[in-house]
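Please read the points below as a colleague's note, with the coordinates open beside the text.

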Amino acid sequence: MSLVRRCSRTACGRPAVATLTYVYADSTAVLGPLATYAEPHCYDLCAEHSERLTAPRGWEVVRLSDGSGPSRPSGDDLEALANAVREAARPPGRAPGPAGSGKGGQTTGETRRGHLRVLRSPDS
């Protein structure tokens, strides 16, 4: 038994990359990433058949992106990750202060719980 799921189209032996599901109540064909499990009411399609998919007249085809394309992290993502690593590596007693404050980080009314900060309102 092969572990690779094959295209559901007759006489096509290529590996499946997408799953097609029909929503009869909405007259919609939904083509999305390959489902985790093969289900009897869904059709697995290879890349060629998924690109050429058409629906019956009056039906709509909804193509869901799989997000598996090569995505590069943005500068903001990398900066957030670096800040999280720095925060996790910091000893518990030392919190970062605002740039140039010279106070060592703890401001009036601030409580630290791990990586979270609770700021008290000036009224309390």
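**Notes on the model**

1. S50 has its place in helix α1, where helices (H or I, at least four residues) and strands (E, at least two) are DSSP runs, numbered from the N terminus. This is a predicted model, in which local features need pLDDT of at least 70 and side-chain atom pairs count only at pLDDT 80 or more, while totals for chains, interfaces and linings use all residues. Residues are numbered from 1 along each chain as its sequence is written, and side-chain values use heavy atoms, with hydrogens and water left out.

2. With a relative accessibility of 9%, S50 counts as buried (buried means under 20% relative accessible area, exposed over 50%, partly exposed in between, with a 1.4 Å probe and protein chains only). Apart from neighbours within four places in sequence, S50 is in contact (heavy atoms within 4.5 Å) with V17, A18, L31, L45 and R63. The C-alpha atoms of S50 and R63 are 9.5 Å apart in space, and the two residues are 13 residues apart in sequence.

3. How many salt bridges does the structure hold? There are three, a salt bridge being a side-chain nitrogen of Lys or Arg within 4 Å of a carboxyl oxygen of Asp or Glu. One of them joins the side chains of R5 and D44, at 2.9 Å from N to O. Because R5 lies in the segment before β1 (18-23) and D44 in strand β3 (residues 43-45), this pair ties together parts that are 39 residues apart in sequence. D44 itself is buried, its relative accessible area being 9%.

4. R14 pairs with E48 in a salt bridge whose closest N and O atoms are 3.0 Å apart. This pair, too, links distant parts of the chain, since R14 is in the segment before β1 and E48 in helix α1 (residues 47-51), 34 residues apart. Both partners are partly exposed, R14 at 37% relative accessibility and E48 at 35%.

5. E48 also forms a salt bridge with R52, with the closest N and O atoms 2.8 Å apart. Through shared partners, salt bridges join R14, E48 and R52 into one network. R52 is exposed, with a relative accessible area of 53%.
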